[in-house]
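Please keep the sequence and the 3D view at hand while reading.

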Amino acid sequence: MASALSRVSASSSNVTKSFKIGNNKKAFTRKNRVGAFRSLPAAQLNLPIFQSTPPLPAPSFKPEVVTENTIGTVFAFDETKNDPIKHFGTPKSMLLEYRLLSQRYSVIRDITVITTEELEEAALEPSHQSNYVLTGPTGCGKSFVLLQAVQYCLAKEWVVIYIPRAKTLVNSTTMHTYDLRTRTYFQPKFAQQLLQRTLDVNSKVLETMTMREGVNFDRRSFPAGTTLAALAAGGAKEQAISSVAFETLIGELCAQSKIPILLAIDDFQALYTPKSSYRDPHFSAIRPYHLALPRILLELASGKRFFQRGAVLGALTTTDPKFPVTQELKEVLELPIGKPRSAYGRRSRVLEEYAEGCMNLPVPEQFSVKEAAAVFEMWMKDQALTAPANDEVFLSKYTESGGNPKAFVWQGILGTLEGASPEDVDESVPWPQLREGRVPLAL
Amino acid sequence: MVHILGINLPDNQLARFALTTIYGVGHSTSHRLCARFQIHDTCRIRDLSPFQVTALASFLSSPQSAFPPRGATSAKGGPRAFVANKKDDLGVTDILKTYPLASLAFKPRPLNRGWTSDRELEREWENEVKEAKEQRERDRAAREREREEYLAEKEKKAKEKEEKMLTRLRGRMRTKVIAALAKHKATFKTRTGTTVNGRTTTTKSKPVQPKLPPKSLDPLANLTIETALRRLVRDNIAHQRMIGSYVGRRHAMGMPVRGQNTRSNAKTAKKMNRVDRWG
């Protein structure tokens, strides 16, 4: 982990923040406060405890390695030019984990193999036959499986659109303006950013695809034959046309059948919230299907619009009380409904229609012992714990967390105070409490 | 730095919070103002467009005379020219003009057919509203006609049954039954307009009540801020003084008005309470 600290600090660009709180006003800025675990610069890590040999790099994650034989093996996502983790971002808990690790690791699980097999089938079928939603209890690894699917498809040269935090679309944190033609609310800044990110990650593939029909926006026109990369670039540059450019891009991607498309959405349940946090001028809440971008995502997720080849993959987030998983989604995905259902309970017929066609892909709630052992070893190599990496520690952490991946890592490994016994203990000191640490086991 | 009504709003502040610095605007009014001008919750003052700033400033300079918002309708969906508040039986209506929201099956006009002006789209929407209204009228008329036919049929059957019963009766029994039926009909309200007890009534007619002028449900329509609000407060206190009430006397003495303790802790009242109170 010490090497992780230095490596992360060396590679990240916005690092040199001193932690002298008195002098540095930026220490408590929002950016620094989010999630903590900001790394110190390498120059400040002089003490012997920070010195260590960096672990051997793990093998790269590639589509060929995802097989049943590699279940329980750790692979790392490479830092490529079109790295989706850098351009699209990741959910917050994953971001914090990757700040601590020296490489962007992930372990291959049986659900990874199942998902990739489904995606292989989806590459030849229209996407309305492959609308999957990863479900499972809190901390079972849905976001990680989604990220693995994104990396898999990208390596297979699909076009990948990954939205890691879909709740930012509905929680009133981005600009919105009403549009009379579509009778919905545009979110120009979000659309602009999404186009830029999609372009950054998929530029190579988008250069090969061209528009079938020309379009004429208010100030810009894109004739037939323009590459989709040029369309995305135009939309990313000008906020005024970004929303319509994104709508056009999706239209073109739906019409073509050469390249499969993956639409990956984390926080999937946020799109099905009965009321978004936005308010219209009459102060009534705007529904998510009256916002242009979520409407497009809902239409693709329900099969009302579909890609000729590809899939829509969503992952639920169960930890956000502001955007819980709604009744309509629970019924379609056949999830257990907590409280007894009442005939008078409010339901939305529109959301029921938009939830139709979603298929459940359950993620196992426990790591298998082999998978947990691989994850344990990976963290130990990064020196997350100063305790010796033996079976006793591993099994105790596995049992305490019940195999739940998030609990195993955060409470088991990172949340424990267990450490290695100190090596220099002066036996001659008469009072045990004055000796450093405890007496070693082997006397 | 944005100046609204002479107040300097710092760039870094959330717009929803910055608006509360205006006297008379609290958090709920500020939320409504932001919704009116399509300012999202985490918008900072520096993110406001010049149009939004001008619109806000012009609205706040005279809230009473501002036009109602031209925004989208509420979630009930469907084309409507204005929203009628169904909860209120007094006929209080919301007089704000509304614009449409896309229904489930709505397909927007494609872009490659050329750019359509807003006026044309508005006209399309107005036509839809008109057609929907006409359709509702036609449906209502059809339903009424059906009901009329059904009730006429029912009355006809009842009359036939009565006649059939009367043909079976003879003599004193027959006269008694006819008299009883006549008495019953005299007090029974029929559907068609019949003179009963000297008063012609129909079940359809209701007593005519005078229609109240439509009140606006929108709190922003009657927004009083800054000088106008301070004047209002001062006028209220002056009125209390003029009528010689307890409240007026307490203000004049600079003491607490609402029954607070004065043995200790009346410092704010002693500082602030007076007849010509500023805010």
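## A buried valine

Val113(A) is buried, because its relative accessible area is 5%, where buried means under 20%, exposed means over 50% and partly exposed lies in between, computed with a 1.4 Å probe on protein chains only. The model is a predicted one, in which local features need pLDDT of at least 70 and side-chain atom pairs count only at pLDDT 80 or more, while totals for chains, interfaces and linings use all residues. Residues are numbered from 1 along each chain as its sequence is written, chains are lettered from A and ligands numbered from 1 in the order in which they are written, and side-chain values use heavy atoms, with hydrogens and water left out.

Val113(A) sits in helix α5 of chain A, which covers residues 110-122; helices (H or I, at least four residues) and strands (E, at least two) are DSSP runs, numbered from the N terminus. Leaving aside residues up to four places away in sequence, Val113(A) touches Val66(A), Thr67(A), Glu68(A), Ile71(A) and Ile108(A), a contact being heavy atoms within 4.5 Å. Ser52(A), by comparison, is 61 residues from Val113(A) in sequence, and the two C-alpha atoms are 35 Å apart in space.

## The two domains of chain A

Chain A is assigned domain 1 (85-335 + 349-362) and domain 2 (369-435), with bounds that come from an automatic or database domain assignment. The C-alpha centres of these two domains of chain A lie 39 Å apart, and 14 residues of domain 1 of chain A are in contact with twelve residues of domain 2 of chain A. Between them the two domains of chain A bury about 1,100 Å², with 65% of it on carbon and sulfur atoms; buried area is the accessible area (1.4 Å probe) that two parts lose on being put together, summed over both. On the side of domain 1 of chain A, the residues that lose the most area to domain 2 of chain A are Glu97(A), Val107(A) and Gly139(A), together 35% of what that side buries.

How many salt bridges are there between domain 1 of chain A and domain 2 of chain A? The count is one, where a salt bridge is a side-chain nitrogen of Lys or Arg within 4 Å of a carboxyl oxygen of Asp or Glu. Glu371(A) forms a salt bridge with Arg109(A), and their closest N and O atoms are 3.5 Å apart.

## The two domains of chain B

In chain B the division is into domain 1 (2-61) and domain 2 (224-256), and the contact takes seven residues from domain 1 of chain B and six residues from domain 2 of chain B. The area buried between these domains of chain B is about 520 Å², of which carbon and sulfur atoms give 69%. Within domain 1 of chain B, Tyr23(B), Gly24(B) and Leu60(B) lose the most area to domain 2 of chain B, together 78% of what that side buries. Between domain 1 of chain B and domain 2 of chain B there are zero salt bridges.

## A partly exposed serine

Ser396(A) belongs to helix α14 of chain A, residues 391-401. This serine, Ser396(A), is partly exposed, since its relative accessible area is 25%. Thr248(A) is 148 residues from Ser396(A) along the chain, and their C-alpha atoms are separated by 54 Å.
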